[in-house]
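Reader: I would like to know what the terms for this structure rest on. Please set each value against its definition.

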Amino acid sequence: MTYVVTVEIRIPEGAPELDGLHRVGAAALLEQGFASVAGIEGADGMEMDLLDVAVAVHPGGAILKVMVVAPSLEFAEDAVGSVSEEVLERSELLAEWMVESSEVQLHTDAARESLEAADGPGAPPSDPQARRAHHAAKPDTGGETERETQDHEAEFRSLAARLRSFTPAVFGVTDPEGGSSGVAGEGDPARVTPESAELAAGSLVYGAEVLIDELYDDIQALADEDTTVAECQGHLWHLDQLPPRHAAHYNELFARRFLVTAIALTTRFTDGSFRRLGCLAEELVLKLLLEQAHVTLDLHGLLDDEVAAALGRFAGEVYEDMDFAWLQGEGEGGGEREDGGVGDEDVTPGGFGTWFTPFDDARYVHPYALDEMPETGAPGTAES
């Protein structure tokens with residue numbers, strides 16, 4: 001039978017409450033820990049399948065919703081509690097956290113809702129990632145869910161005004177007379193409302209803050225081990241999502257240049273000065289930023305089809321092409337060279353050695369990134 005076990009975890013007694021950055025980090029460590037658990041074996045050889053985990057971290061600890069298939073309720077509670085303790089023990093940063101409770105919480109209203117929704121239009125999504133967001137956005141009481149969702153939605157809407165370089169039209173909002181927005185995808189009958197565009201814009205501003213914080217952490221991880229992404233044993237937020245074929249080149253210096261590029265790009269997004277992406281590294285930064293915006297909205301139950309379409313319109317407008325996707329093996333002709341090497345490619349257009357080279361003399365790339373590329377000369381920095 002399938003059970004949803006609620007696990008309550010608290011930080012060590014006397015420890016300071018978690019700020020926003022530490023909450024994000026703790027959530028990632030917990031998710032990573034449970035991702036390594038494929039199944040659970042308990043006493044008497046009984047086995048349990050782990051289906052899904054939703055993590056919500058608060059200033060004093062975390063609440064987990066662990067969905068399992070187990071032979072009995074008691075076994076599910078005991079086994080999930082033990083696994084949660086093991087996940088904490090395996091993480092150096094969470095080793096002193098304590099599991100306070102592990103139990104299946106039954107609520108009459110929730111049970112009725114579940115029965116009525118089974119195989120119907122209200123059934124949970126079949127996609128694991130969508131289902132995870134569905135559970136994470138639904139705490140024990142409906143009133144709390146609604147308030148929390150409204151709080152996050154209000155926060156994103158308040159941040160939207162900071163994205164000064166872009167108008168609602170860039171997100172696909174049409175004019176009052178129904179005319180075209182003039183952005184990529186013109187003529188597409190799908191409409192984007194100003195409200196959805198505002199949520200999308202706010203998620204980009206929020207996502208930029210998270211992305212920059214996490215890139216700082218990635219730099220620290222590489223510095224602590226004095227290694228590259230290819231050899232790093234610690235947790236990385238984003239740098240391991242860059243094209244894996246060059247992972248051996250992603251050292252601390254590269255990470256610093258990439259972070260500065262991310263700061264420069266998001267600054268231009270928010271101060272009103274953005275015109276065009278300056279280099280291939282900025283294209284990769286934007287890819288990570290869009291992914292962060294999607295994850296953030298999904299986590300809080302705010303990523304519907306229209307908001308996703310708004311982010312898609314934004315991407316289509318800001319990207320001049322998708323040639324960079326070749327580096328990930330996503331585009332036609334992607335993947336490794338036939339000889340398996342990267343040698344000559346490093347100095348050809350689009351090769352690793354040109355990631356921080358401006359596309360042309362009118363593009364802006366932060367001087368810190370260019371300082372390590374003296375062979376490129378001193379291109380102009382003004383955007384047109």
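Author: Contact means heavy atoms within 4.5 Å. This is a predicted model, where local features need pLDDT of at least 70, side-chain atom pairs count only at pLDDT 80 or more, and totals for chains, interfaces and linings use all residues. Residues are numbered from 1 along each chain as its sequence is written, and side-chain values use heavy atoms, with hydrogens and water left out.

Reader: Which residues is Phe171 in contact with, leaving aside neighbours within four places in sequence?

Author: Leu163, Phe166, Val192, Ala197, Ala200, Ala201, Leu204, Ala310, Arg313 and Phe314.

Reader: What makes a set of residues a nonpolar core?

Author: Its members are buried Ala, Val, Leu, Ile, Met, Phe, Trp, Tyr and Cys residues joined through side-chain atoms within 4.5 Å; buried means under 20% relative accessible area (1.4 Å probe, protein chains only). The largest such core has 62 residues, and Phe171, Phe258 and Phe314 have the most contacts inside it. Helix H6 gives the most to this core, 13 residues. A second, separate core of 33 residues includes Val80.

Reader: How do you know that the length of helix H2 agrees with its number of residues?

Author: Helices are DSSP runs (H or I, at least four residues), numbered from the N terminus. The expected span is 1.5 Å times one less than the number of residues. H2 has 18 residues (73-90), so it should span 26 Å; its end C-alpha atoms are 26 Å apart, which agrees. Among the buried residues of H2 are Phe75, Val80 and Leu88.

Reader: Where do H6 and H9 meet?

Author: Ser196, Ala197, Leu199, Ala200, Ser203 and Leu204 in H6 meet Glu306, Val307, Ala310, Leu311 and Phe314 in H9.

Definitions and conventions:
Helices (H or I, at least four residues) and strands (E, at least two) are DSSP runs, numbered from the N terminus. Buried means under 20% relative accessible area, exposed over 50%, partly exposed in between (1.4 Å probe, protein chains only).
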